[in-house]
Amino acid sequence: MKVLDTGFAREFIRLCNDGWQFGWHESNGGNASYRLRKSEANEVRSGFSAHGWQRLEVELPRLAGECFLITAAGSHFRSIAHDPKHSLGIIEIDRSGSAWRECWGFKGDAQPTSELLAHLICHEVRMAATEGKSRVIYHCHPADLAAMTNIVPPDGALFTRLLWAQVSECAFVFPEGVQLLSWEVPGSVALARKTAAAMERTSAVIWPHHGLFVAGATLDEAFGRAQTIEKAAGIYLKTCMTGRPYLSAISEEDILRMSREYGLGIEESGIFGRPAMRPEGFQQMSAPAPVSVAPAPVEAAPAPIEVNEGSEAFEAAVPIPEPEPAPVSDPASVPEQEPIPSGEPLSAQELVDPPLSAQGFPKLGGPEMTVEAALEATPPAFRSQPQVMPEPQSQTMPEPQPQVVQEPQPWPQPDPQFPYQPEPQAGLEGAYQPQPQREEPVYRYYPKPPRG
């Protein structure tokens, strides 16, 4: 059976793609590994190709003969689903647990992840801690969790309490808490040993300013554990961004009550058994009491002063502005106006038909003027011209033409063998010729007889 057709390979590829969709794998960051069951390894062993053995820096006898599906070094999680043979591979551990070799994948001279040693050591530790149930190691780079390591002191117990106080689900997903390491060089043996030592007590280890290292019995369990931790870290950061202290949070008594109710074993973890540094405002506190502010004293208005109009005090209190002189215009620029003639007032006839001046405008007053004299004195442009109506022209209606009724043409009868026969066109000899159409079958509907 092909590796990519198996269920564990499809689920592994989905985990990698979901992690990239959540934004936890920038560039080539992050890695994952899955320990195959004996039955799964036997199904795909026929497609293995043997390579040379390579020595491990430590001996891992518990992993002797085990096979692991693991991501390749430098692989981008966004490309794993498109090219899994290049981004993934299967390795096998020898019978002594001190060497490994490639069996499948790693196309194009690819190599397993640079965190291979940390994966294998943690697999062995989690196998012993869970009696062989743990099979998945997942390493990702969640942004909110990395930001939380910048503001929270490096204390695993404090980190655990802060995460548990955000969401009730956290106590169920990682009841043993989280471990917080000091910063180490990625891919180094020191980081692998510190992570393995921490995973003896927990399934989630935080690398400060780097990422998260989680284990699980299944791919869904490991991914869900990482998702829950990152979500709680995001809630904590959003609460800190408000700038207000915690008025309510899940208390330690509530967490212990959940542990006793569901048998989580938090009492035995010792997280609440020793003091831990806590940021200001973590404890439940009451709202601040309102502060009473006394009103500011109001100054009394000054007494009014009596001022009599015309006195010196009145002029000093109410200054009267001097009038501005009117602008003097140039006499030469003012046009001369026609003098208004003096005489008798206008009669009723002059009001209706006033006399006109030499410019053609009504003339106010003056000697009487007849209508003829006024028309002669009016310029031609202002004279009203009589309107001449054109004579109506007689319109002749055309004689109606007799309508010619055409006889209906008989409808052409198609050829029964080929109803549509186009005329052949010149220059198309040898081209496609239409074939006779087949008669379509006639479907008849027969109702079903009634049931007796």
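In what order do the nine strands of the open sheet run?

Analyst: Happy to walk you through it. Please keep in mind that this is a predicted model. The sheet is open, its pairing is mixed, and its nine strands follow the order E2-E5-E4-E3-E1-E6-E9-E8-E7. Strands of a sheet pair through backbone hydrogen bonds, and the pairing can be parallel or antiparallel.

Let us begin at the edges. Strand E2 (54-55) and strand E7 (179-180) are the edge strands, each of them pairing on one side only. For E2, the partner is strand E5 (residues 99-105): two bridges join them, and they run antiparallel.

Helix H4 (residues 116-129) touches E1, E3, E4, E5, E6 and strand E9 (211-216). The direction of H4 makes about 40 degrees with that of E1. Helix H1 lies across strand E1 (31-35), strand E3 (67-71), strand E4 (88-93) and strand E6 (136-140). Relative to E3, H1 runs at about 30 degrees.

H1 also has a helix as a neighbor. Two packed helices are described by the angle between their axes and the distance between the axes. For helix H1 (residues 7-21) and helix H9 (residues 219-241), the angle is about 10 degrees and the axes are 10 Å apart. Angles under 35 degrees count as roughly parallel, so H1 is roughly parallel to H9.

From H1 come Phe8, Glu11, Phe12, Arg14, Leu15, Asp18 and Gly19, while H9 contributes Leu219, Asp220 and Phe223. Sorted by class, this contact has five nonpolar, one polar and four charged residues.

To gather the picture: H1 lies across E1, E3, E4 and E6 of the sheet, and H1 also packs with H9. H4 packs on the sheet too, with E5 and E9 among the strands it touches.

Notes. Residues are numbered from 1 along each chain as its sequence is written. This is a predicted model: local features need pLDDT of at least 70, side-chain atom pairs count only at pLDDT 80 or more; totals for chains, interfaces and linings use all residues. Side-chain values use heavy atoms; hydrogens and water are left out. Axes are lines fitted to C-alpha atoms, for helices over the stretch in contact, and angles run from 0 to 180 degrees between N-to-C directions. Helices (H or I, at least four residues) and strands (E, at least two) are DSSP runs, numbered from the N terminus. Angles under 35 degrees count as roughly parallel, over 145 as roughly antiparallel, 65 to 115 as roughly perpendicular and the rest as oblique. Contact means heavy atoms within 4.5 Å. Ala, Val, Leu, Ile, Met, Phe, Trp, Tyr, Cys and Pro count as nonpolar, Asp, Glu, Lys and Arg as charged, and the others, Gly among them, as polar. Two strands pair if DSSP finds at least two bridges between them.
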